[in-house]
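Thanks for coming. Please have the model open.

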Amino acid sequence: MKPVRCDRTPAWGELTACLEAGGRNFDLRDAFARDPGRFEAFSQDAPHVFADLSKNLIDAGSQALLLALARQCGLEQQRDAMFAGERINRTENRAVMHFLLRNPPSAQYLPAQAAINKIADAQAEVEVTLDAMLAYAEQVRADEAITDIVNIGIGGSDLGPQMAVLALAEFATSGKRIHFVSNIDGNELASVLKQLKPAGTLFLVASKTFTTTETMTNAHSAKDWFEAQGGQDIARHFAALTTNVAAANDFGITTTFGFWDWVGGRYSLWSAIGLPIAIAIGAAGFRQFLAGAHAMDEHFRTAALEGNLPVRLGLLDVWYRNFHGFSSRSIAPYSSALRRWPAYLQQLEMESNGKRVDQDGQPLPFDTSPVLWGEPGTNGQHAYFQMLHQGTTVVPVEFVAVKQAAHAPDDLPGHHGKLLANVLAQAQALMHGKRDAAGPPQGNAAPSGGSEPHAVGERGGSMFSGGHRDFPGNRPSTFLLLERLTPASLGALIALQEHRVFVSGAIWGINSFDQWGVELGKVLARDIEPRLLSGDVSGLDGSTAGLLRKLGSGPA
Ligand code: F6P
């Protein structure tokens, strides 16, 4: 059955009608006042993650329509096609099977279509590679002469491993320093090389394609440095993580760990690309990481849509993007260990769903990926939360909080309680706003109007209160809560996001698994680079030519 694009379903029109009939004026404060059971109705447990969705602009009616939309778009069939190994990445004619990387060897569920697609064979290869990769990780961990690991990779070959290594620092028992070099700006590699000695360093060249300019440039420079410093034994000091083992061999690297074209770059941290994570937390920890993700896979694959957390989040994303018109989502992890979480999610969601045509290549008459942005709380509170509370634009916020501190609480008493108080307070403030004594808060329906400023002074010696001090409230947020940030809970949290991106992409009828939009700039850079030396501006637009002239023929 061919999936139906969302805007061609009856539910799409019904959702529009629902919004016009009152959904646009939905008020969270009234919703809680009306329904004492709202928290229970709009929150749920999923593996390793508790989610409170009750502070979102939904009610039973809109949620039912969103679920109808999912069914009318064939979401369940699209999900099952992925798990059956169908080639759902149509523009690249590839299956999408990152879930297989975290399947336990005992996985039994293979549906009939999976047999045709030879999933069991693929899984057998996964297990062999995983065993080899984890054995190597343990060998490196035990090798006292190796003090520094340098991961050279970019995009999915950097963001996921880097985010996870930082997130799981509490579990990092290897005693190794792990560095990440991604940018082609030589300053990044230079500042890491300064800290290294060749005999103590293991370079991991992480690249699915083994062609990416940034990674290849950094890898060549690292190899040159290694040899110039008297380093010997490339086989011991360089390993490649790639689907293109032949190119790695040509580069001179013989220690290689492979993966497959059915693993998208931004979904690859479960594969050999996860080697830095495995070196940091060990083989057993990495298996727990996979197990947490697998638990979320099973939840997504089997739970009824009504209680399926990735589905509920993905539908909320569609509701906000296409009906409320919210163009961004702010990511607020209240955990400094999750400080790269927003950057990681940016690639996952915006590279997956930043698409303007449907699966058939037809332009879409509706919006797709929102902009994702954010910083760890509480830092964000002292930067852009002003705009979240009082700006003219409504930005749904996604909080992540962790019940148990990642540090020993007795060593630093009070910190974690203050952190948790802040995340609860921010979610509360966004919803409640502040009903200033001098006037009622302004709802989201009239975001830019504000109340007339009125002279006051009773809350602190300013000339004005009124509009300046009003918080409109009714600003939506989602609250994800982990008991503790562990390999398993992080795995589940990541898989939750992967599947939620799948859900919105499936509803929109786009291909979430290609990324043609990154190609044009790469091609143009290849044309421009020699012009920096030659000064040739022929055929260029006036601005690029002008900037090239300004740069002269200096950079080497
Ligand atoms: O430029 C985008 C991209 O292709 C990403 O999708 C990918 O994660 C990244 O580049 C790195 O690619 P590779 O792992 O092949 O070096």
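Is asparagine 218 buried or exposed, and why does it count that way? Asparagine 218 has a relative accessibility of 3%, and the cut-off for buried is under 20%, so asparagine 218 counts as buried. Keep in mind that this is a predicted model.

As for its place in the fold, asparagine 218 sits in helix α10, which covers residues 213–228. Leaving aside residues up to four places away in sequence, asparagine 218 touches Ile152, Val181, Ser182, Asn183, Ile184 and Leu189.

The largest pocket has a volume of about 1,300 Å³. It is lined by 43 residues, and those closest to its centre are Ile154, Thr212, Thr213, Glu214 and Lys522. Helix α10 comes up again here: α10, α15 (341–353) and α19 (519–534) each supply at least two residues of that lining. Which of the helices gives the most to the lining of the largest pocket? That is α19, with 8 residues. If you sort the lining of the largest pocket by class, you get 17 nonpolar, 15 polar and 11 charged residues.

Next, the ligand. How many residues surround the ligand? There are 14, and the closest are Gly156, Ser157, Ser207, Thr209 and Thr212. Threonine 212 has a polar side-chain atom 2.5 Å from a ligand oxygen. With lysine 522 we are back to the side chain, where a polar atom lies 3.3 Å from an oxygen atom of the ligand. Threonine 212 and lysine 522 were already on the slide for the largest pocket, among the residues closest to its centre.

Last, the second largest pocket. This one holds about 490 Å³ of space. Its lining has 24 residues, and nearest the centre are Pro3, Gln78, Ile88, Arg90 and Gln359. At least two lining residues of the second largest pocket come from each of α5 (75–83) and α18 (487–508). By class, this lining divides into 9 nonpolar, 7 polar and 8 charged residues.

That is my part. I will take questions now.

Conventions:
Residues are numbered from 1 along each chain as its sequence is written. This is a predicted model: local features need pLDDT of at least 70, side-chain atom pairs count only at pLDDT 80 or more; totals for chains, interfaces and linings use all residues. Side-chain values use heavy atoms; hydrogens and water are left out. Helices (H or I, at least four residues) and strands (E, at least two) are DSSP runs, numbered from the N terminus. Buried means under 20% relative accessible area, exposed over 50%, partly exposed in between (1.4 Å probe, protein chains only). Contact means heavy atoms within 4.5 Å. On a 1 Å grid over the protein atoms alone, a cavity is a set of points where a 1.4 Å probe fits but cannot get out, and a pocket is an open set with protein on both sides within 12 Å along at least five of seven lines; lining residues have an atom within 4 Å of a point. Grid points are joined across faces, edges and corners, and a volume is the space filled by probe spheres set on the points. Ala, Val, Leu, Ile, Met, Phe, Trp, Tyr, Cys and Pro count as nonpolar, Asp, Glu, Lys and Arg as charged, and the others, Gly among them, as polar. A residue is near a molecule or strand if one of its heavy atoms lies within 4 Å of it. A polar contact is a pair of N or O atoms within 3.5 Å; within protein, one must be able to donate a hydrogen and the other to accept it, and residues adjacent in sequence count only if both atoms are side-chain atoms.
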